[in-house]
Amino acid sequence: MTWIYNNEPYLDPGEYYGFVYIITNLLSGKQYIGKKFFWTTKRKQVNKVRKRIKVESDWKEYWSSSDEVKADVERFGPENFKREIIYLCKNKGTVNYLEAKEQFTRSVLENRDKWYNSWIMVKVSRSHIKL
């Protein structure tokens, strides 16, 4: 099951740092809004010196941090879900901001029957956002 962006499969992160997404349960219509980063840093020892290296995250196989979403994907199968990227972002602050903005705009905490989301957690400064 691939991610969809602008109605096309999305396979290469290019210069982007991360994305904001929406997962839809095609059987119930229930949705989840979240974020995922394309890259992560790992520590590697090179000649007795610990270095930080940038590696691709598990974004291609990712099904959200929500235990409820993951349980439903396991129960109903990934073919009954749609994973759409709604924003591609070039920095971490913008990813964080746009995820929270979408969650607040869509009132995800107020409509339990429509949304899987149960938390909105964000800490972002104006200086972090590069739109």
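This is a predicted model: local features need pLDDT of at least 70, side-chain atom pairs count only at pLDDT 80 or more; totals for chains, interfaces and linings use all residues.
Residues are numbered from 1 along each chain as its sequence is written, and side-chain values use heavy atoms, with hydrogens and water left out.

Helix 1. I took helices (H or I, at least four residues) and strands (E, at least two) as DSSP runs, numbered from the N terminus. In helix 1 (residues 67-76) I found Val-69, Asp-72 and Val-73 buried, that is, under 20% relative accessible area, with exposed meaning over 50% and partly exposed in between (1.4 Å probe, protein chains only). On the face turned away from this buried side I listed the exposed residues Asp-67, Glu-74 and Arg-75. Just after the helix, Gly-77 has a positive phi of about 95 degrees.

Aromatic rings. I paired rings of Phe, Tyr and Trp (its six-membered ring) with centres within 6.5 Å, calling planes under 30 degrees apart stacked, over 60 edge-to-face and the rest tilted; this rule gave me 13 aromatic pairs. Tyr-17 and Phe-37 are edge-to-face, at 5.2 Å centre to centre and 65 degrees between the planes, and they link distant parts of the chain, 20 residues apart.

Charges over rings. I counted NZ of Lys or CZ of Arg within 6 Å of the ring centre and within 35 degrees of the ring normal. The charged end of Lys-36 sits over Tyr-62, 4.2 Å from the ring centre, and Arg-83 lies over the face of Trp-63 at 4.6 Å.
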